[in-house]
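Trainee: Could we go through this model together, one question at a time?
Mentor: Gladly, let's look at it first.

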Amino acid sequence: MVNVGDMLVGYATNEDVRKRGASGGLVTAVLAAALEKGLVENVVVMKHINEFEAVPIITDDVDEVLASTGSLHSVPVNLAKYAMGRKVAMPAKPCDTQAVIEQAKRGMIDLDNTYVVGLNCGGSMHPVTTKKMLVEMYDIDPEDVVGEDIEKGKLIFKTKNGEEKAIAIDELEEAGFGRRESCRYCTLKIPVNADLACGNWGVIGDKAGSATFCQVMNDKGVKLLDNAIEAGRIEVEPASDKAIAIRAKVNDVMVNLGNTLEKEIFPEIPDADRMQYYMEPMADCIDCGACKEVCPVCACGEDSKCTMFHSLVDNYKMSMYHMVRLLHLSDSCIACGQCSDVCPSDIPITLLQSSFAIPSQRKREYTPGMNVDDVPPFFEVILK
Amino acid sequence: MAEEGWEPKIVAFCCNWCSYGGADTAGMGRFQQPASTRVIKVMCSGRIDPLHVFNAFLEGADAVLVTGCHIGDCHYVNGNEKTEVRYEFLEEMLQQLGLEPDRLHLNWISASEGERFANFITDVTAKVKELGPSPLKPAGVK
């Protein structure tokens with residue numbers, strides 16, 4: 001039996017899953033057990049196509065869940081929308097978890113039916129950038145890559161013929177590669193808003209690389225773990241004080257880095273230049289609407305205010321579609337970076353969106369997607 | 001700056017019960033005010049969506065006024081309280097976007113406050129005249 005607040009180190013009992021998993025396969029095993037024992041009806045996982053491509057699938061097949069193990073740093077998909085209207089368990093980065101909770105606040109996801117296994121996340125990469133980086137920085141053919149890992153601030157790629165090459169992430173980011181922009185200024189690295197917070201930070205000694213650190217965040221987390229232990233899929237033991245301290249230290253380093261980078265990334269704009277600063281990149285918009293389509297916190301559906309009153313033939317100086325979205329998301333944007341990722345015109349929408357959302361959220365001391373009981377400030381309109 | 005003889009275009013959203021009545025009273029009381037406003041009547045200030053304000057600016061308004069009943073006097077119980085919450089976000093957003101704060105105003109005007117309405121319009125017009133045409137005004141719109 002585990003309890004809320006427990007800090008554990010565990011691994012999958014299945015040797016194959018343990019070996020293929022990024023760090024002990026605990027997450028995969030927990031998800032598989034949840035499905036097996038009927039705790040959930042479906043599991044959302046990423047189905048590997050190659051190192052740079054994976055598709056989210058909603059499956060009720062345990063084998064498919066077990067086959068999905070392993071981390072994917074260069075497929076930054078937000079899974080929140082796949083949980084809608086289903087009884088699911090899902091792995092989730094901190095930003096996926098934030099999106100799930102924001103959707104729950106808007107009545108789109110029933111949290112009682114959604115089990116979220118959070119994964120520590122130091123940042124993810126855009127697949128196109130990664131491929132370019134492999135050629136230019138690593139001198140590796142992207143086709144030859146069979147695995148990747150992040151360790152001690154270095155990004156490591158493994159090739160077919162067994163070679164490994166590591167380059168420091170700082171160096172990569174200086175050259176314009178590395179993590180996505182929104183990941184650089186993100187400060188939520190351990191998914192404390194999820195049901196379980198799992199990751200390899202704090203796994204030390206002979207277990208390093210073959211076990212997962214897991215913090216139980218709430219009752220649903222207890223259910224998930226108890227269920228997996230009962231099913232015989234995982235083994236856990238309490239984490240040592242040293243392990244807990246190391247995990248906290250890694251987190252501190254990452255959060256501090258995020259805070260530092262935030263100051264570098266967001267420029268100080270003089271009031272007189274603001275309009276031009278926002279207008280210029282938005283002039284490239286081709287009105288495809290992809291940024292709204294992928295937005296994991298948008299709960300408006302197909303007929304929404306931003307698109308309904310927007311016309312391609314407007315000769316407005318600024319897109320009304322974007323103005324509505326900038327306002328609409330100012331309390332709920334989680335800076336997951338999906339909109340920038342999909343933009344065919346390469347507009348840094350996440351950055352623009354964040355420069356509105358971050359001051360607005362800080363002023364109201366509101367962090368979206370952390371606690372389901374925190375009411376979004378915009379909802380005051382309805383509640384008053 | 002502004003051309004010689006340029007008159008700003010100001011869009012004023014007025015609620016049916018108070019501020020529209022205020023505008024009426026201003027006329028009946030013969031209070032002088034510049035002919036810069038275009039009044040749009042809505043049933044309640046709570047009906048004014050930020051979208052309407054964006055649209056006004058993008059269509060060429062130099063300033064937008066959001067007006068309604070005094071807090072507590074709303075004829076729909078709490079419509080203007082909703083306006084207030086919405087306005088706060090709207091104001092912040094437009095400032096971040098780089099629009100001068102003097103181009104957007106919120107004011108509560110009751111049906112009997114004709115003079116207040118006229119003075120409000122006079123003040124805003126003077127301020128906007130100084131600022132010149134709005135940076136969001138489309139090409140070809142005066």
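Trainee: In which sense do strand 5 and strand 9 of chain A pair?
Mentor: This is a predicted model, where local features need pLDDT of at least 70, side-chain atom pairs count only at pLDDT 80 or more, and totals for chains, interfaces and linings use all residues. Residues are numbered from 1 along each chain as its sequence is written, while chains are lettered from A and ligands numbered from 1 in the order in which they are written. Strands (E, at least two residues) and helices (H or I, at least four) are DSSP runs numbered from the N terminus, and two strands pair if DSSP finds at least two bridges between them. Strand 5 (residues 114-119) and strand 9 of chain A share 3 bridges, and their sense is parallel.

Trainee: Which residue is the bridge partner of Ala197(A) in strand 10 of chain A?
Mentor: Strand 10 (residues 212-216) of chain A runs antiparallel to strand 9, with 4 bridges joining them. There, Ala197(A) is partnered by Gln215(A).

Trainee: Why does Lys223(A) count as partly exposed?
Mentor: Lys223(A) sits in helix 8 (residues 219-230) of chain A. A residue is buried with 20 or more other C-beta atoms (placed from the backbone) within 10 Å of its own, exposed with 12 or fewer, and partly exposed in between. Lys223(A) is partly exposed because its C-beta neighbours inside 10 Å number 16.

Trainee: Which helix gives the largest share of the side of chain B that touches chain A?
Mentor: Contact means C-beta atoms, placed from the backbone, within 7 Å. In chain B, 20 residues are in contact with 24 residues of chain A. The largest share, 10 residues, comes from chain B's helix 3.

Terms used:
Contact = placed C-beta atoms within 7 Å.
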